[in-house]
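Please keep the sequence and the model in view while reading.

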Amino acid sequence: MEPDNNKFFNVGLLLLATLLLAKLISALLNSRSNKRAPPTVKGIPFIGGLLRFLKGPIVMLRKEYPKLGSVFTVNLLHKKITFLIGPEVSAHFFKASESDLSQQEVYQFNVPTFGPGVVFDVDYSIRQEQFRFFTEALRVTKLKGYVDQMVREAEDFFSKWGDSGEVDLKYELEHLIILTASRCLLGSEVRDKLFADVSALFHDLDNGMLPISVMFPYLPIPAHRRRDQARSKLADIFAKIIASRKCNGSSDNDMLQCFIDSKYKDGRSTTDSEVTGLLIAALFAGQHTSSITSTWTGAYLLCHKEYMSAVLEEQQRLMGKHGDKIDHDILSEMDNLYRCIKEALRLHPPLIMLMRSSHSDFSVTTREGKEYDIPKGHIIATSPAFANRLPHVYKDPDRYDPDRFAPGRDEDKAAGPFSYISFGGGRHGCLGEPFAYLQIKAIWSQLLRNFELELISPFPEIDWNAMVVGVKGKVMVRYKRRKLSVS
Ligand code: HEM
């Protein structure tokens, strides 16, 4: 071969070798990344995952987790949902930045309910500032004032029960929680004068949040039309209240006032519409969740004599120490009651699935040491209802055992952070957790001190169909008034 031809041949050979090598590396990388992709829930292509999912996420998780493990993907029409179940694989879910894992897209369906300019309708920097307003409104100094109002509401409410009778505890507690939330969050104008109107409007907002609204929040259906009308009427009501407070120079201790007084970093004040939206968001975050938890707490206490005795003794001891008084600091001494509420909430977290939308690739390692790569574009989900009952985290996980949180056992801490996720955790952990515990403790300490109670309907079932998962049907209770004697 001539030298020129030779050179040509060598260059050609080199090119071919490079191409082959590139192809080989890409094949290797692909097979490696495929190998490291999480397992997928099997089903008919395109709709298979959807059919599984429609039976309910918990039914699906119970079936798939034992087969596929703590990380797996469900194909839901054109979307892929990857579940991360258990503390070992959840750190990224709870700690990732908004630019990596965002709430904005997956919680967009709340926008027509909360209204424009707040929470998931604004970019992250504004949302963070609005969550700062929540944090400030829920500071201990504020909570102390709210507790006095919670206690007064509960006293007043139960004073209207007779000396004995039968009630649907679920209905009663729902009603009391909305009264208390109105007082502490929405303010005295709503609680004292406009309660019926505002509750009816909130009812329409609530009924406008349907499973279909998650996919199609603007679908022109009557429930959505009523929701939009209610949102607009609420905005008018709050605009009038805000104007009157500003005009009178009055300043109450409630969340409404905190939001009116809140200022963005650039010095801008909140608008009336933002104040309304933030109040709606607070009510949506805290009302059903707290009333459901109060009801489960009662159902468990009434079926577990040993824990009922423990919380009664605790009330007697505190009455011996502080008399009839109940305030923030006294509620904070109720450790037994706290653990009983926390355990009811472990077994029945009202928010059964938390989601994010992933904008960057990430990897997770399971407790068995398997590594998975999750590409951007997936929806990432975790489930408090499922993860809170993992047998490697909680001993005998389906049993109601409040002492599992007692010092020495600390089962919610033993397996690491994110073992107990009823309030979420990390970057977006619930801002209302202390408020919720105070409210539920204020209600139950009143009930325990003033009534003998007996559950007369069967132990309640779970209403999996509700958006905020709660108690199915009535929870009938027989009560007899009594005065708990000091121990
Ligand atoms: C038993 C009662 C409650 C439960 C079980 C509960 C549960 C939760 C959960 C699971 C999250 C995290 C959502 C996620 O990660 O996607 C959350 C966030 C939040 N909760 Fe609660 N919540 C309760 C009561 C309240 C109350 C009473 C308020 C306010 C008055 C409140 C305000 C909030 C707010 C503002 C967030 C958003 C935090 C953020 O994204 O940075 N919650 N809650």
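## Helices α14 and α20

In this predicted model, the axes of helix α14 (residues 272-303) and helix α20 (residues 433-450) come within 10 Å and cross at roughly 45°. Axes are lines fitted to C-alpha atoms, for helices over the stretch in contact, and angles run from 0 to 180 degrees between N-to-C directions. Helices (H or I, at least four residues) and strands (E, at least two) are DSSP runs, numbered from the N terminus. Angles under 35 degrees count as roughly parallel, over 145 as roughly antiparallel, 65 to 115 as roughly perpendicular and the rest as oblique; α14 and α20 are therefore oblique to each other.

The crossing of α14 and α20 is right-handed; a crossing has this hand if the near helix is turned clockwise from the far one by less than a right angle, and is left-handed if anticlockwise. On α14 the contact (heavy atoms within 4.5 Å) involves S290, T293, S294, T297 and G298, and on α20 it involves A436, Q439, I440 and W444. Ala, Val, Leu, Ile, Met, Phe, Trp, Tyr, Cys and Pro count as nonpolar, Asp, Glu, Lys and Arg as charged, and the others, Gly among them, as polar.

## Helices α12 and α14

Helix α14 also packs with helix α12 (residues 222-248), at an angle of about 115° and with the axes 9 Å apart. The crossing of α12 and α14 is right-handed. Residues of α12 in the contact include R231, F238 and K246, while those of α14 include D272, V275 and I280. This contact of α12 with α14 has eight nonpolar, three polar and three charged residues.

## The iron site and its loop

Which protein atom is the donor to the iron atom of the ligand? The single donor from the protein is C430 (SG), 2.3 Å away. Donors are N, O and S atoms within 2.8 Å of the metal (3.2 Å for Na, K and Ca); water is not among the atoms, so sites may look incomplete.

C430 is found in the loop between α19 (411-414) and α20, and H428 is also found in the loop between α19 and α20. Leaving aside its neighbours within four places in sequence, H428 is in contact with E98, Q103, Y124 and R356.

## The five-stranded sheet

Five strands form an open sheet of mixed pairing, in the order β1-β2-β8-β5-β3; two strands pair if DSSP finds at least two bridges between them. β1 (71-76) and β3 (101-102) stand at the edges with a single partner strand each, so one side of each is left without a neighbour in the sheet.

β3 pairs with β5 (residues 354-358) in the antiparallel sense over two bridges, and S102 stands opposite S357 in β5. Helix α4 (residues 87-95) packs on the sheet and touches β1, β2, β3, β5 and β8 (379-382).

## The three-stranded sheet

A second open sheet has three strands in the order β4-β12-β9, with antiparallel pairing. Its edge strands are β4 (164-168) and β9 (451-455). Five bridges join β9 to β12 (residues 476-481), and the bridge partner of E452 in β12 is K480.

## Basis of the values

Residues are numbered from 1 along each chain as its sequence is written, and side-chain values use heavy atoms, with hydrogens and water left out. In this predicted model, local features need pLDDT of at least 70 and side-chain atom pairs count only at pLDDT 80 or more, whereas totals for chains, interfaces and linings use all residues.
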